[in-house]
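The sequence and the structure come first, and the description follows.

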Amino acid sequence: MAQSAIAPDETVECELLIVGGGLSGTATAYESLLAGRTVCMTELTDWVGGQISSQGTSALDEAKRQRELLFYAKGYKELRNRIEDFYNELNPGGCWVSVSCFLPRDANTILTQELEKAARRGKGTLKWFPSTVVKELQLSADGRMIDGAIAIQHTPAPGSPPLNTELLSETLIDSYQYEDSARFTKKIIQFVPPAGEQSGPADWYVIEATETGEVIALSGVPYRLGLDPRSPLNPSSPTETGDPYCTQGFTYTFGMERTAEAQPQPKPVHYDQYAPYFSYERRRDSGDYFDYVFTYRRIAAPGPRPEAKAFGVSVPVPGDISMQNWTWGNDYRPGTAQDNLIFSSAQLAETGQLAPGGWLGGLRVDALREAEENAYSYYYWLVAGDTDSQLGPGVKEPHPDHRFIAGLDAPMGTAHGLSKHPYIREARRIIGRPAYGQPQGFAVNEIDISRADFRDEYYQTALGPKRYLDLWRALAGLNTTAVIDDNVPAADIMRRTRSTIYPDAVGIAQYAIDFHPCLTLSPPETPGNTERENIRKAHGQAYPGQIPLRAMIPQNIDNLLIAGKTIATSNIAAAAYRVHSFEWSVGAAAGTTVDFAFDNGVLPYELVDELPSREPLLEQLQKRLNDNGNPTAFPDTSIFNLDWEAWRVW
């Protein structure tokens, strides 16, 4: 990508530039600071923590057995302990979806303190750049290295309102423009490696930890977006050709408080447009739909709790605060080229965002605005609506004894009351470098983690005889070579009952393959709209999985490492590799890998480029990770252990 000529206002040196301050970026910084490194971290919003802070999804998604054993990365366990210490209990919200629900604004405070402590312990240096976006990358002449990055930090212009007053759809484009505006004063920052002679092959490393894969798009490395083509590796995909416009829904979360009396509930101007979408989704014999949703992600339950229980938790009372994140509610689920949120590579080219100085975040602003309108409308539906798109008439009743919480001191930290950034479930995903068995580029795929019943007749029909046989050969585990040599029919092949075990595992991940699918028609709120046909075929339980280092290494650029949900996974695998503890584990792996690469004078790809042959330095990295409390495998992981029944997610 060509670069524009822009003069920076400030030049900042660091050993690691972490782009994105979400959970994976925070975890990368945590390990790097413990290792004594100098870290720069940028973030579009002014909070660290991503999912649990600026995106408002402050309810930890965890697999049951992993939680029972507290088998997590060290920093994630510290986060959980800090939540408990902060509130004197782990679940101050008394929610039932998780064992820990809390206020997003407090998550920012807790994580900031955790990073400060890591810096003190490791004598590292954190240079934190809130309200900052990377605008351009400066590449070496051969394109193999990122030599620098140009970023824009925005602060309120004189006389303008504080940050977080306006909605993201109103401020996003301005945030990425060099020029000062009536809204923002801009500082142009150039990030560069430390001055002086460097002893290794890389002067510094850039970590992609954004929510949507911005650095991936900017750098030009190969990536995928949306649905993958159906194949023996991803047999549940609903399409033969793939679809970059059908990604998982994104969500503007918000807080609402139970009150003692009915409150005025002004009707949003756009409510009638979005009302045909909303639903409680599943029929409940007890009929207690509203409190079911309210306590689902209740994030504050101050004061003495009533003895009465519902759904296993205390019944809601005035003063309780619920965070809303509901599929047929404030999830916004576009799925066409006319309304998708994350621009595809073709759309980026069409809009000029890949031209020098043209980057504007790579998102459709109209989709952000519509999702904001949808979220406000969903609140009104909860408190005043009387329709239900999935369950029909006679189900939805008004509940006006609530108030929408807004204000800079409110749980979301915004004057408008919505989360600072929508919760992003799926992003651009790199295609790893060609690897043994994956000559087109490495990725973690559906069959690497899924517990699905691949004997289902659907797969025989959808794949056809040859690909169905290839599927079962891939599922044969230790017997793969034998079933190929003996030409064993698919019906006679026994499948392995575990996840793929990777020789380059650097972290762990387990959650269900959990979809919030795109919808069929545009716009999503079209009356009678449905989820894309067969898109939930992969939805369900998954085995405990691993994070291979090859999934974090992009093609073409040698000092770029990928963290967060932008690693090399298929669309289906990404539905499990996206929750809180995974983000921390992959961030811990990124920070440790960079430290190891500096110490040993190697590039990350050199740790895996001879696989499946033995890689002694890779083994040393894995030992460092495990010794530092960052497990690379679940207990009893081996090619011979096929009993993982105790590790079902729920």
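Which helix gives the largest share of the lining of the largest pocket? Helix α11 (residues 457-474) does, with 3 residues. Helices here are DSSP runs of H or I with at least four residues, strands are runs of E with at least two, and both are numbered from the N terminus.

The model is predicted, so local features need pLDDT of at least 70 and side-chain atom pairs count only at pLDDT 80 or more, while totals for chains, interfaces and linings use all residues. Residues are numbered from 1 along each chain as its sequence is written, and side-chain values use heavy atoms, with hydrogens and water left out.

**Pockets and cavities**

Both kinds of space are found on a 1 Å grid over the protein atoms alone. A cavity is a set of points where a 1.4 Å probe fits but cannot get out; a pocket is an open set with protein on both sides within 12 Å along at least five of seven lines; lining residues have an atom within 4 Å of a point. Grid points are joined across faces, edges and corners, and a volume is the space filled by probe spheres set on the points.

The largest pocket holds about 910 Å³ of space. Its lining has 26 residues, and Tyr-436, Gly-437, Asp-448, Ala-474 and Thr-500 lie nearest the centre. By class, this lining has 14 nonpolar, 6 polar and 6 charged residues. In this scheme Ala, Val, Leu, Ile, Met, Phe, Trp, Tyr, Cys and Pro are nonpolar, Asp, Glu, Lys and Arg are charged, and the others, Gly among them, are polar.

The second largest pocket has a volume of about 700 Å³. It is lined by 31 residues, with Val-97, Tyr-296, Tyr-511, Asp-514 and Trp-650 closest to its centre. Helices α2 (64-69) and α8 (289-296) each supply at least two residues of that lining, which divides into 12 nonpolar, 8 polar and 11 charged residues.

There are 5 cavities of 30 Å³ or more. The largest cavity has a volume of about 250 Å³. Of its 25 lining residues, Leu-44, Tyr-176, Thr-210, Glu-211 and Glu-214 are the closest to its centre. β5 (132-139) and α6 (214-219) each give at least two residues to this lining, and its classes are 10 nonpolar, 12 polar and 3 charged. The second largest cavity has about 90 Å³.

**Salt bridges**

A salt bridge is a side-chain nitrogen of Lys or Arg within 4 Å of a carboxyl oxygen of Asp or Glu. The count comes to 48 salt bridges, and the table gives examples.

| Pair | Closest N to O distance |
|---|---|
| Asp-599 and Arg-37 | 3.0 Å |
| Arg-305 and Asp-320 | 2.9 Å |

Asp-599, in helix α14 (residues 580-600), and Arg-37, in the loop between α1 (23-34) and β3 (38-42), are 562 residues apart, and their pair links distant parts of the chain. Asp-599 is partly exposed at 45% relative accessibility, whereas Arg-37 is buried at 11%. Buried means under 20% relative accessible area, exposed over 50%, and partly exposed in between (1.4 Å probe, protein chains only).

Arg-80 and Glu-62 are both buried. Arg-305 is partly exposed, with a relative accessible area of 29%, and Asp-320 is buried at 0% relative accessibility. Salt bridges that share partners also join Glu-15, Arg-37, Asp-595, Asp-599 and Arg-624 into one network.
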